[in-house]
Amino acid sequence: MAQRIEDYALIGDHQTAALVGRDGSVDWLCFPRFDSAACFAALLGDADKGHWRLAPAGADTCARRTYLDGSLVLETVWETASGSVRVVDFMPQRDRAPDLVRIVEGVSGAVEMRGVLRVRFDYGRVVPWVRRCDGHRVAVAGPDSLWLRSEPAVRTYGRNLSTRSEFTVSAGQRVAFVLTWHPSHEPRPRLVDPYDSLERSLADWRAWSARCRYRGPYQEAVTRSLITLKALTYEPTGGIVAAPTTSLPEVPGGVRNWDYRYCWLRDSTLTLGALVAAGYQEEAAAWRDWLLRAVAGNPADLQIMYGLGGERRLPELELPWLRGYERSAPVRVGNGAVGQFQLDVYGEVLDSFSYARARGLAAEPHAWKIQQALMEFLESAWREPDEGLWEVRGPRRHFVHSKVMAWVAADRMVRTVESRPGLPGDASRWRALREAVHREVCARGYDPERGTFTQSYGSAELDAATLLIPRLGFLPPSDPRVVGTVDAVRRELGVDGLLRRYTADGTSVDGLPGTESAFLVCSFWLVDALRLTGRAKEARALYERLLALRNDVGLLAEEYDPATGRQLGNFPQAFSHIGLVGGALSLGAPATAD
């Protein structure tokens with residue numbers, strides 16, 4: 001059985017990532033990329049679907065664990081009757097081949113350790129041939145191979161289609177294991193020194209963390225979230241995945257299980273804002289450049305998400321041999337929402353380019369032409385219904401947030417031309433569009449009887465995305481319609497003080513059965529909305545409550561269920577951590593230069 005979602009920690013090398021449980025088991029790992037097939041998929045099935053456990057004999061769970069300061073290097077401490085031991089897990093930044101390193105170090109006494117490595121390629125479906133070669137255990141199947149070695153050498157043996165080890169460490173002794181992936185048709189990759197790799201990984205991460213300019217009261221939480229965002233960045237292209245996992249459920253046992261190992265446009269402006277404000281200009285520029293490459297082409301073909309390199313085809317498949325996390329089926333790879341029409345992404349993209357330009361990120365010469373093309377398409381498309389920010393799989397509607405983002409697109413284009421008169425563009429036409437969208441949204445998307453903006457034109461449902469209206473500049477925070485919307489959303493979408501995205505009771509707009517829990521980024525949006533509407537004390541109290549929901553190593557999933565006290569959804573979730581950083585900045589603790 002997989003553990004609770006919050007019992008996992010993340011390690012990664014900026015191209016892929018693994019989840020390590022409190023029981024010492026790596027239950028999820030995709031090689032060589034975030035979106036590659038998993039070789040450890042116990043997270044979505046059982047131990048037979050692939051995992052690597054390293055723990056004291058007879059021990060169930062660790063005593064404590066932490067990330068070593070300023071890094072993504074995980075230290076897990078075990079205490080037994082015969083002594084204590086620590087295990088250090090990390091993935092060094094790769095040269096060519098990716099490595100997973102696990103170093104066992106005796107702290108006191110003598111501890112008997114047990115290792116079980118069960119490799120299952122293709123999401124747990126393929127059992128490899130395993131042989132010995134040059135001091136390694138080598139697992140090969142089709143295009144994939146994994147090489148396991150230890151320093152000093154530890155005896156390994158096969159049992160029940162797994163590779164096992166038994167050894168004892170005393171105080172001061174160290175044993176390192178290195179698991180390396182490479183294409184099976186290529187020669188064995190260059191060996192890495194596990195101890196040297198540890199020192200270099202710590203130095204690299206700490207140098208990166210030291211660049212953070214945030215100096216507010218929530219520095220530890222903000223730094224950890226930024227490290228998490230860095231870990232979710234695919235370094236070769238600058239793309240940032242929404243999460244490193246697929247099909248962790250919004251409701252255990254339910255069908256709301258999606259693949260998040262791709263890059264969403266909806267996160268773009270908030271991601272840029274978090275990176276720039278914290279002082280990470282290079283990462284912000286890399287994300288902006290990824291965005292620019294991804295959206296190039298026919299504006300009518302703009303997608304809501306892309307692959308790590310900007311790939312457009314992300315076909316959705318179901319994997320029937322995986323029973324799903326806590327029997328939450330189906331398990332999906334790929335994402336069918338890639339073909340949806342979402343009007344809001346045009347506003348997200350144009351807002352991102354506007355933000356980047358205003359913050360001094362050097363613009364590519366062709367960027368403005370792409371922006372003009374997007375705007376030209378939007379001028380005729382903004383009146384169309386769409387699937388909306390939340391990728392509903394029901395009928396298209398005129399979502400208020402989508403229309404607001406169309407307004408944002410026109411507004412940012414007007415502002416850009418006004419501030420840079422040398423740029424070509426019909427500012428008067430864009431002003432007219434901006435005014436037309438504003439009039440329509442206020443007339444058709446606002447319920448005067450309830451004093452709130454609704455989810456879509458003519459609907460009674462509410463949407464937490466309308467909390468973004470003052471932040472986006474559509475209306476000032478003091479406007480009664482904004483205040484009324486904040487109050488209505490809190491009242492009708494609140495669950496134990498947190499927020500759901502929208503009404504999801506099995507008959508709602510999303511076309512899916514079941515309900516969902518509190519959506520964490522929406523609760524962070526509420527922090528900002530409360531502060532903007534003059535309720536700073538309530539905003540801070542909510543923010544600090546949200547911080548308390550992080551797991552023991554500072555990570556957040558997509559959702560939280562107050563009834564069970566559990567994190568739910570894909571993990572860790574970039575959107576939640578972007579919200580955490582944004583909330584800290586919103587609460588009056590801006591980034592400052594050293």
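Is Ala-176 buried or exposed, going by its relative accessibility? I looked this up before anything else. At 0% relative accessibility, Ala-176 counts as buried; buried means under 20% relative accessible area, exposed over 50% and partly exposed in between, with a 1.4 Å probe and protein chains only.

**Ground rules**

I noted that this is a predicted model, where local features need pLDDT of at least 70, side-chain atom pairs count only at pLDDT 80 or more, and totals for chains, interfaces and linings use all residues. Residues are numbered from 1 along each chain as its sequence is written, and side-chain values use heavy atoms, with hydrogens and water left out.

**Around Ala-176**

I found Ala-176 in strand β15 (residues 174-183). Helices (H or I, at least four residues) and strands (E, at least two) are DSSP runs, numbered from the N terminus. I then listed the contacts of Ala-176, meaning heavy atoms within 4.5 Å. Setting aside residues up to four places away in sequence, Ala-176 touches Arg-102, Ile-103, Arg-149, Ser-150, Glu-151, Pro-194 and Tyr-195. I also checked Leu-146, 30 residues from Ala-176 along the chain: their C-alpha atoms are separated by 16 Å.

**Rings and charges**

I counted aromatic pairs next, and the structure holds 16. Rings of Phe, Tyr and Trp (its six-membered ring) pair if their centres lie within 6.5 Å; planes under 30 degrees apart count as stacked, over 60 as edge-to-face and the rest as tilted. Tyr-446 and Phe-453 pair edge-to-face, 5.1 Å centre to centre with 65 degrees between the planes. I see that Tyr-446 and Phe-453 are both buried.

Phe-524 and Tyr-543 also pair edge-to-face, at 5.9 Å between centres and 65 degrees between planes. Why does this pair tie together parts that are 19 residues apart in sequence? Phe-524 lies in helix α12 (residues 520-532), whereas Tyr-543 belongs to helix α13 (residues 536-547). Phe-524 and Tyr-543 are both buried.

I looked for charges over rings as well: NZ of Lys or CZ of Arg must be within 6 Å of the ring centre and within 35 degrees of the ring normal. The charged end of Arg-102 sits over the ring of Trp-52, 5.2 Å from its centre.

**Cores**

A nonpolar core is a set of buried Ala, Val, Leu, Ile, Met, Phe, Trp, Tyr and Cys residues joined through side-chain atoms within 4.5 Å. The largest has 193 residues, and Trp-525 and Tyr-543 have the most contacts inside it. Helix α8 (residues 400-419) gives the most to this core, with 11 residues. Apart from it I found another core of 12 residues, including Ile-103 and Val-178. I also saw that ring pairs link Trp-525 with Trp-390, Phe-519 and Phe-575 into a cluster.

**Helix α4**

How many residues of helix α4 (residues 268-277) are buried? I count 9 of its 10. Those buried residues pack against several elements, among them α3 (219-231), α5 (281-295) and α14 (574-586). Gly-279 follows α4 and has a positive phi, near 100 degrees.

β6 pairs with strand β7 (residues 74-80) in the antiparallel sense over 4 bridges; two strands pair if DSSP finds at least two bridges between them. The bridge partner of Tyr-67 in β7 is Leu-74. The hairpin has 6 residues between β6 and β7, and Gly-70 in the turn has a positive phi of about 70 degrees.
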